[in-house]
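Biologist: I'm new to this one and would like to learn how to read it. Could you take me through it feature by feature?

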Amino acid sequence: MAHGTSAAGNEEAHHGAARYVVVWLALVVLTGATFVAWRVKLPEPWHLLVALFIAGAKALLVVLFFMHLWDHRGPSRLVLATSLVFVALLIGLVVADNATRFPLANPPRDGNYVRTGILPEPAPALPSLPEPPRVPGR
Amino acid sequence: MPPSPPPSEAVYNRPNYLTADRGVWSWLVTLDHKRIGVMYLVLTTIGFALGGLFALIIRLELLTPGPTIIDAQTYNRMFTLHGVVMIFLFMIPAIPGIFGNFLLPLMLGAQDVAFPRINLLTVYLYLLGAGIALWGMIHGGADTGWTFYTPYSTTTTTKVAPILLGAFILGLGSILTGINFIVTIHTLRAPGLTWMRLPLFVWAIYATSVIQVLATPVLGMTLLLVAIESVFGFGIFDPGRGGDPVLFQHLFWFYSHPAVYIMILPAMAVVSEVVQAFARKNMFGYKAVAYSSLGIAFVGFFTWGHHLFTSGQSAFNAGIFGILSMFVGLFTAIKVFNWTATLYKGAIQFSAPFVYFCGFLFFLVFGGMTGIALATVSLDVHWQDTYFVVAHFHFIMVGGTIMAFLAAVHYWWPKMFGRMYSERWALVAAGLIILGFNATFIPQFLLGNMGMPRRYYSFPERFWPLNVASTAGASLLAFGFLIVLVYLVVSLAWGRVAGPNPWDSRGYEWDTPSPPNKENFPGTPVITHGPHEYQDTEDGGAGSEVTHAA
Amino acid sequence: MQPETQAVHLAHHFPSLRTQEQAARLGMWLFLATEVLLFGALFTAYSLYRYLFPHAFEGASALMHTSWGTANTLVLITSSLTVALGIHEVSRGRNRRATLYLLATLAFAVAFLVIKYFEYSHHIHEGQLPGRFYSFAELQVAGASMFFTLYFLMTGLHGLHVLIGMGVLAFLTVQVWRGRYGPGYYTPVELGGLYWHLVDLIWIFLFPLLYLI
Amino acid sequence: MNELMRTLLFLPEQGTDYARSVDHLHYFVISATMLGSAAVFVTVIAFVIVYRRRRARQSTPVVEPKPIHEAVFIGLPLVLFLVWFGIGFPQFVALQTPPKDAMDVYVQGKKWMWKFAYPGGPSAVDTLRVPAGRPVRLLMTSRDVIHSFYVPAFRLKQDVLPGRYTQTWFQAKEPGRHQIFCAEFCGVGHSAMLGEVVVMEPSEFDAWVANQRRVVAAAQDSAPVPSEDVDVRTSLVDQGRKLASEYGCFKCHTVDGTLHIGPTWLDLYGRREKLKDGKWVVADEGYLTRSMMDPRAEVVAGFQDVMPTFQGRIPAPEVAAIVEFIKSLRTSTVRPEPSKGPVYAPIPPAK
């Protein structure tokens, strides 16, 4: 009564083991590349973008070939894509909030409050930042 | 009142899933989704009673402006525990746990959910989480409110860690239920049951499960961070060490706003079935209602910022979150219009589930619109953290989810236990509940307008009369719930035998005897038509029978 | 596909073993999505505090042992390869070779934890600790302790997942060695592999963010 | 119309023009809500009566929606919601951006009290004096947990974050007194953290500020030892009383023997106290100082341990002053008048 046997299920059976080794080599090369990119100290924005781009490429390789998303279409891909979209959404909106916030609502950047247009010049002596609560000595 | 089917035709199906195997052990290790649904019914009802008790204590304390029955510290614990118990022990697990478990396989024509062992595990996770939270409550309990805002939650001297751990474990149970339902709906549909023939109950439970799976982990991590911060002092939320307390609010509400949709979507699932069954009509705009459930699930993730309008969040973010909150409100509006339009040209039987449906519809419209009003940013500045917000979410949670829960209990009671409840008492109780509900929460809207902040132990004189009215309403509401409990338990033994289909409904779940057998269907049912089609039921039309393949 | 393997493993409520496999795989992917979001919360905290304290994070990141971090990345990538080959062998029925691959994976996991142990002890010795315990003299910029709070939280949670992964793989290795799984039915091994690849995936993102900025 | 709707909805009076415009949006939204729910309710009642069930197994036609239905169901609410947002959001942006010429006031939320300080001027606890007709910008911070500065009459609310500054502004229309609430839960005294905004005539306000500054300057000249915060009286006991009120001790400890959140200070010095864990201890200087620095170590039986630690917040000389003040509280020498600590009672401006 059960229709269809399960052998046909894993259609990637006929792939050889070579595919995994090739993917592994690519990952090793990418790791080396990101290590070199780090030593070369690129200018500020590129430094992070290159590292993240290489990490993304490595992640894509692992997900597609090691985790067989290349062969199994359908809901699994949708699930992973949705979770990544929500993580990106959370990170984006949280950082956007602190980026566009009233400057003094963020912690003082490197030690002192950068005078911005918000405070009339010369800014009256701001009361010293109160000492917030130390967590009781537990 | 239309004549219900003659009693002689009704037969109490024996042996059924309740009597199939005897003994407590058979219940403790059951893998039968129907028994797990009944266990959730018992557990969440106890949780609801406990939460209700805390609510009554709060309302009694607010009877007079000054101290009335308890002191400030105990009052703070009471409203924290009211929030935690009601949300984590009743609102989130109730409808998916009881009716999702019981009805999903029946509606899909499957024998059981995809992972029965994980299903049983969620019951034990519920017990473990509830146990740890109760232990925390007995040993002093937290006084931080169910929102655990830092740095108060990390520097308070009361015991917050057990309640955080309890909520974490209950969240894990919620995730596993969500995974179970999504996989069941994807893989265990009966042959012929295409996505467009799925009952609307299944669509909304699917949307709820998506939220449960994708939102709860962030809450788990956030509660873990609060516990670590309060025990070790790593400083992740401690402003003294560079931490940002508003980050906690972002992470917390990223879960908690989708969580309010975890609470209302199952209610919408129940209502879609109840309105079709009692109006004996197909849903007006099946696609619109189905897709708006998914719409609520996905857009619901983009709108958490409307809880942070006055918390120091930037105006830029407030704009983004304000607009997106309008769209999520739109999906609810679409559903309300389609439910109302379903009654057009129907054949409405005005019994208890339908009364609860009317209550649900009105309170969802009024509560939902006040939600939209809150999302217009400037009004929220006045209403934030006042009793207006308390009234808004109680209109949606009590007026919406609990009304739908009662509609579901009454609608599927004959299917679950094979016996009818007494219709007269049900209508009396429904009236009391709707009256008590209005008397409790409409004064709170006005208190909010007057500017009474929430979580206030003592309040100025001018708020006194409205608080007395609200307390009176609360006791009426509690009395109404008590009556429901009494006549339902009584109906278990002395109720009239209901027979397989007392409402003569065309939902798939009614094609089984009531109470159903242990293995739901003899063979694998083949579905040949959509749910709730009543166009040819006159003079015994056979078109709607479900044929059973060999 | 021998009927008795199917009869033994097919749960009563699934129409066919293939549906049961698809269900198990979808269930596992949903669980992996929750893991992604669990770490997503920590990545959000990391992104926010890196935005708020850029100099502190650069200074603190310079204190990390990037060479050890790269070694750890290579270890985890290779362990991903060996677990993938292990599953491949099980699907061919060569259980003995599969056991060797899985044991190699466990060995790499232990190596990863050993390297982490040395890193942790060095940071603890230097006083580069989270929040209240931060006592590293050279770097006294606002937010420096925040970097180490995030470092210990993220790598600690990741280490916990490595331990869970080792437990799962150890159990699977024993089952494979006993011949419980063959070409007809090896879904549990595949799911164990998926979990291990996720642990590797998370480290692939942790490594640049903590070591390479 | 404005007054009618305002009383109908139980709204407090409108202290600022911003409050007035917000209320107008409020009336638009609430009337639309009432209309919408009434429409749905009437439609349902009508359908229930017209289409009630007449026969037991009555069949009903399949009614499918025409695209126009869905368009109206989606279009109407969407337009309405976006219009509301279009009105509401600019008001919020206006609230978040104070005008350049606004007068600054520093607000400090602290566990269960509000402290206001004018740049270079006087400071006060729980009463904020502002001139009518002039924009006032509040630069707010908190000493311990998140509080929220809420004035219902101005429809104004802004959370106060510890270790950070948040800002908001208002321009009161005419003189009056409006209550301040704390709207973010902050512990046992959350509902007691009330304050008052006193809106004065601009001229009257300027006179008050000038007067206050003169008093502070005079006190500075006469004080023998110039210390950064001026002590109007010199004796240690009075200084201790002033410091106790400043650190908010009187919020929990009474000085006249009545029971309150913390033990009373009357006759406390030298008394044998039974602790929570059953031990007995004599309340000497050592115990008083220890319980200020680490209150949770030796909690007196019958009291909750909710006292925050003052470790690193009170310098030693001030601790000694407070202890002296407690030692002075013996029944035989306590003055009969109610001993609520003197808050900065402003000297009435010379007419």
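Biologist: Let's begin with strands. In what sense do strand E6 and strand E9 of chain D pair, and over how many bridges?

Modeller: Keep in mind that this is a predicted model. Strand E6 (residues 147–151) and strand E9 (residues 176–182) of chain D pair in the antiparallel sense, over two bridges. For a residue to look at, take Tyr150(D): its bridge partner in E9(D) is Phe181(D).

Biologist: What joins E9(D) to E10(D), and how do those two run?

Modeller: They run antiparallel, and five bridges join them. You can find Arg177(D) standing opposite Val198(D) of E10(D).

Biologist: And in which sense does E4(D) pair with strand E10 of chain D?

Modeller: That pairing is parallel, again with five bridges, and E10 covers residues 195–200 of chain D. Here Pro131(D) is opposite Met200(D) in E10(D).

Biologist: Now the whole sheet, please. In which order do its five strands come?

Modeller: The order is E4-E10-E9-E6-E7 in chain D, in an open sheet with mixed pairing. Strand E4 (127–131) and strand E7 (156–160) of chain D are the edges; each has a single partner strand, so one side of each has no neighbour in the sheet. From one strand to the next, the twist averages 20°.

Biologist: How should I think about side chains along a strand?

Modeller: As a general idea, side chains in a regular strand alternate between the two faces of the sheet.

Biologist: I see another sheet in chain D. What is the strand order in the one that contains E1 and E5?

Modeller: That open sheet has five strands in the order E3-E2-E1-E5-E8 (chain D), and its pairing is mixed. Strand E3 (123–125) and strand E8 (166–170) of chain D are its edge strands, pairing on one side only. On average, neighbouring strands in this sheet are turned by 25° against each other, with direction ignored.

Biologist: On to helices. How do I describe two that pack together?

Modeller: Two packed helices are described by the angle between their axes and the distance between the axes. In chain B, H15(B) and helix H16 (residues 464–494) pack at about 155°, with axes 7 Å apart. Angles over 145 degrees count as roughly antiparallel, and that makes H15(B) roughly antiparallel to H16(B). The crossing of H15(B) past H16(B) is left-handed. Sorted by class, their contact has 23 nonpolar residues, six polar ones and no charged ones.

Biologist: At what angle do H4(C) and helix H5 of chain C cross?

Modeller: At roughly 165°, and the axes of H4(C) and H5 (residues 95–126) come within 8 Å. That makes H4(C) roughly antiparallel to H5(C). H4(C) passes H5(C) in a left-handed crossing, and the contact between them has 16 nonpolar, seven polar and three charged residues.

Biologist: Let's zoom out to the chains. Which two have the most contacts among the five pairs that touch?

Modeller: Chains B and D do. There, 82 residues of chain B are in contact with 77 residues of chain D. Several helices of chain B each supply at least two residues to its side of the contact, among them helix H3 (72–91), helix H12 (352–375) and helix H15 (423–450). H11(B) gives the most, with 15 residues. By class, the side of chain B that touches chain D divides into 44 nonpolar, 29 polar and nine charged residues.

Biologist: How many residues do chain C and chain A put into their contact?

Modeller: Chain C gives 47 and chain A gives 50. On the chain C side, helix H2 (17–52), helix H4 (66–92) and helix H7 (187–211) give two or more residues. H2(C) has the largest share, 17 residues. That side of chain C has 27 nonpolar, 15 polar and five charged residues.

Biologist: And how far apart are the nearest C-alpha atoms of chains C and D?

Modeller: They are 13 Å apart, and those two chains do not touch.

Methods. Residues are numbered from 1 along each chain as its sequence is written. Chains are lettered from A and ligands numbered from 1 in the order in which they are written. This is a predicted model: local features need pLDDT of at least 70, side-chain atom pairs count only at pLDDT 80 or more; totals for chains, interfaces and linings use all residues. Two residues are in contact if their C-beta atoms, placed from the backbone, lie within 7 Å. Helices (H or I, at least four residues) and strands (E, at least two) are DSSP runs, numbered from the N terminus. Ala, Val, Leu, Ile, Met, Phe, Trp, Tyr, Cys and Pro count as nonpolar, Asp, Glu, Lys and Arg as charged, and the others, Gly among them, as polar. Two strands pair if DSSP finds at least two bridges between them. Axes are lines fitted to C-alpha atoms, for helices over the stretch in contact, and angles run from 0 to 180 degrees between N-to-C directions. Angles under 35 degrees count as roughly parallel, over 145 as roughly antiparallel, 65 to 115 as roughly perpendicular and the rest as oblique. A crossing is left-handed if the near helix is turned anticlockwise from the far one by less than a right angle, and right-handed if clockwise.
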